[in-house]
Amino acid sequence: MRRVRIKIWGKGEYAYKAGFGFIPFINGYLHETDENRPGMIIAPGGGYVFLSPVEADLIAKKFYNLGFQVFVCVYTVNTLLTYPLKKQPMRDLAKTVQIVRNKSGEWKVDKEKIVVFGASAGGHVTGSLSVHFDDLNIDDCRPDAVILAYPVVSTEPELIHKPSFKALLGERPDREEQEYMSIEKQVSTDMPPCFIWHTMTDSEVSVQNSIVLAQACFRSGVLTACHIFSEGDHGMALADSSIESKEGEGNYVFEQQKKIEEVIKNKKIEITEEQRNSIERVLSLEKPEQTCNENKQISRWTDLVMDWLHSFLL
């Protein structure tokens, strides 16, 4: 495996106010091959406050083993809940798709077979890109297919995941912003094919998010598969403990929080006790080893994805 890392934005292109020196980046897992392979771009979840290592490194390794050239998008999050993110994570992901296409020759990627996977809030970033790719002034950023795992989707009061949208839009977003970021209301015939999976017993993000999105895709004629598993917690990721991150391999997703921690230690900013606790909670997830909780039924989702992709793309 060849590893690559590249910044998503060049000098002067990135202006998120609470970046504190962090620049979103791509972490690549590449086969050393003469043949072009399909590309898989991964947007981990974390409620737009952090990025989950089990939804980054572990899933990247799984799709690498399935034959993809894999790229984790380490996008902008709002750990301190200061400046709402708005379109920044979606723009980070759109630019990642563009970069992978532009470097397809160097990285041996089939630029017409680029799939984007997103989990939880990463599913919202991915779903948002799949309906708003034309709004961002970033060329060649439409995925060829998307995979959404237990995604945050809707801003409707009975479905909304409030912590995610607080980080994304702030405390009091206007109705127009909420409508724009409610993915099921933005689906059109131009949306790429969409694979969705969720669990009935998800207590963090209601399964109804996936159901209303699948219904919207059906009404617009978007090629869609939707799998609802009978039980399982939120954030199951692979639901398979056979793939592991060891020696901190997945901890690159905490780089933004480490930049914030450094700024705090140097007393360059003042923070509240709540913000300090938020940083500490996130960095407590940084471990030398990461594994997923097991669930044999749910762990089949990657097989289902591959069958689905082979039916029209691979």
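**Close-up 1. Helix H5 gives the most residues, four, to the lining of the second largest pocket.** In this predicted model, local features need pLDDT of at least 70 and side-chain atom pairs count only at pLDDT 80 or more, while totals for chains, interfaces and linings use all residues. Residues are numbered from 1 along each chain as its sequence is written, and side-chain values use heavy atoms, leaving out hydrogens and water. The second largest pocket holds about 190 Å³ of space. Look for Ile160, Lys162, Phe165, Pro173 and Gln178, which are the closest to its centre of the 13 lining residues. H5 and helix H6 (175–180) are the elements that give two or more residues to this lining.

**Close-up 2. The largest pocket takes the largest share of its lining, five residues, from H9.** About 640 Å³ of space lies here. Of the 28 residues in the lining, Gly46, Gly47, Val49, Phe50 and Leu285 sit closest to the centre. Helix H5 (162–169) and H9 each supply at least two lining residues.

**Close-up 3. Helices H8 (residues 255–265) and H9 (residues 273–283) cross at roughly 135°, with axes that come within 10 Å.** On the H8 side, the contact (heavy atoms within 4.5 Å) is made by Gln257, Lys258, Ile260, Glu261 and Ile264, and H9 brings Arg276, Ile279, Val282 and Leu283.

Methods. Axes are lines fitted to C-alpha atoms, for helices over the stretch in contact, and angles run from 0 to 180 degrees between N-to-C directions. On a 1 Å grid over the protein atoms alone, a cavity is a set of points where a 1.4 Å probe fits but cannot get out, and a pocket is an open set with protein on both sides within 12 Å along at least five of seven lines; lining residues have an atom within 4 Å of a point. Grid points are joined across faces, edges and corners, and a volume is the space filled by probe spheres set on the points.
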